[in-house]
Amino acid sequence: MAKTDALLKSKNLSNDLTDLLVNEELLFVPQAIESESFEYVRKIEFTIPGDAPTSGLHILVKEVEDGLSFIVSTLDGSGKSTDVRGLFFNINDALKLSGLVATGNDVSDQQLGGVNDLGNGANVKGKADTFDIGIEFGSAGKVKDAITQTEFHLSNSAGDLTLDAVSYT
């Protein structure tokens, strides 16, 4: 942790959710928006690189009045196109998981607690450990649907879900 703190200080960054270091490389710097004219308070944007030949993902998360608004889209890449099947991530505070629900036109399933497989090919087996939440989009394969961009809203029963609740590590 001291090594990370020293790196943060050398880059004039703070050690909170506005900055993320993984393997001592700055992956993204979320932007805080504080204006009454915007529909959101804060947002974060980041990229998940793909494994060749599949495309990576661009993810935009906005903090809105009643939760979080996500836009997930594939990056233009050469080779095989990406069918976005699921998104997996952790929540910092287990209390925020109570009544957690994802809604959106393409959301076909969601699971909470120790998730790494949503079935029908939507999984991260062999790539990562389990996650607090997994959200499945569309159906298996590209015959019925090929999701290249989707939007969904994430909220909880307490109505207190913010960007601070999402774990970026």
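This briefing covers the fold, the aromatic cluster, the salt bridges and one backbone feature of a single chain.

The model is predicted. The chain holds 1 helix and 12 strands, and along the sequence the pattern reads α-β-β-β-β-β-β-β-β-β-β-β-β. Of its 169 residues, 38% count as buried.

**Overall figures**

- Among contacts between residues at least 6 apart in sequence, 54% join residues at least 24 apart.

**Strand pairing**

- Strands pair through backbone hydrogen bonds, in either a parallel or an antiparallel sense.
- An open sheet is formed by 4 strands in the order 9-10-7-12, with antiparallel pairing. Its edge strands are strand 9 (107-115) and strand 12 (166-167), each of which pairs on one side only.
- Within this order, strand 7 (residues 86-91) and strand 10 (residues 131-137) run antiparallel and are joined by 4 bridges. Gly86 has Glu136 of strand 10 opposite.
- Strand 5 (residues 57-64) pairs with strand 6 (residues 67-74) in the antiparallel sense over 8 bridges. A hairpin through 2 residues connects strand 5 to strand 6.
- Leu60 has Ile71, in strand 6, as its bridge partner.
- Strand 6 also runs antiparallel to strand 11, and 6 bridges join the two. In this pairing, Phe70 stands opposite Phe152 of strand 11.

**Aromatic cluster**

- The whole structure contains 4 aromatic pairs. In one of them, Phe70 and Phe89 count as stacked, because their ring centres are 5.6 Å apart and their planes lie at 25°, and a plane angle under 30 degrees is the cut-off for stacking.
- Phe70 belongs to strand 6 and Phe89 to strand 7, 19 residues apart, and the pair links distant parts of the chain.
- Phe70 is buried, with a relative accessible area of 3%, and Phe89 counts as buried at 8% relative accessibility.
- The rings of Phe70 and Phe152 are also stacked, because their centres are 4.4 Å apart and their planes are at 10°. Phe70 lies in strand 6 and Phe152 in strand 11, so this pair ties together parts that are 82 residues apart in sequence.
- Phe70, Phe89, Phe137 and Phe152 make up one aromatic cluster.

**Surroundings of Phe152**

- Phe152 is part of strand 11 (residues 149-155) and is buried, with a relative accessible area of 3%.
- The C-alpha atoms of Phe152 and Ser69 are 6.0 Å apart, although the two residues are separated by 83 residues along the chain.
- Leaving aside neighbours within four places in sequence, the contacts of Phe152 include Leu68, Ser69, Phe70 and Val72. Other residues in contact with Phe152 include Leu87, Ala102, Thr103, Gly104, Val107, Ile135 and Phe137.

**Salt bridges**

- The chain has 6 salt bridges.
- Glu45 and Lys43 meet through their side chains at 3.5 Å, N to O. Glu45 is partly exposed, with a relative accessible area of 29%, whereas Lys43 is buried, with a relative accessible area of 15%.
- Asp160 and Lys96 form another salt bridge, with their closest N and O atoms 3.0 Å apart. Asp160 lies in the loop between strand 11 and strand 12 and Lys96 in the loop between strand 7 and strand 8 (101-103), so the pair ties together parts that are 64 residues apart in sequence.
- Asp160 is partly exposed, with a relative accessible area of 32%, while Lys96 counts as buried at 17% relative accessibility.
- Asp117 and Lys125 form a salt bridge through their side chains at 3.1 Å, N to O. Asp117 is partly exposed, with a relative accessible area of 28%.

**Backbone feature at Asn120**

- Asn120 is not a glycine, yet has a positive phi of about 55°.
- Asn120 sits in the loop between strand 9 and strand 10 and counts as exposed at 58% relative accessibility.

Terms used: Residues numbered from 1 in each chain as written. Predicted model: local features only at pLDDT ≥ 70, side-chain atom pairs only at ≥ 80, totals over all residues. Heavy atoms only, no water. Buried < 20%, exposed > 50% of the residue type's maximum accessible area, 1.4 Å probe, protein only. Contact = heavy atoms within 4.5 Å. Pairing = 2+ DSSP bridges. Phe/Tyr/Trp six-rings, centres within 6.5 Å; stacked < 30°, edge-to-face > 60°. Salt bridge = Lys/Arg side-chain N within 4 Å of Asp/Glu carboxyl O.
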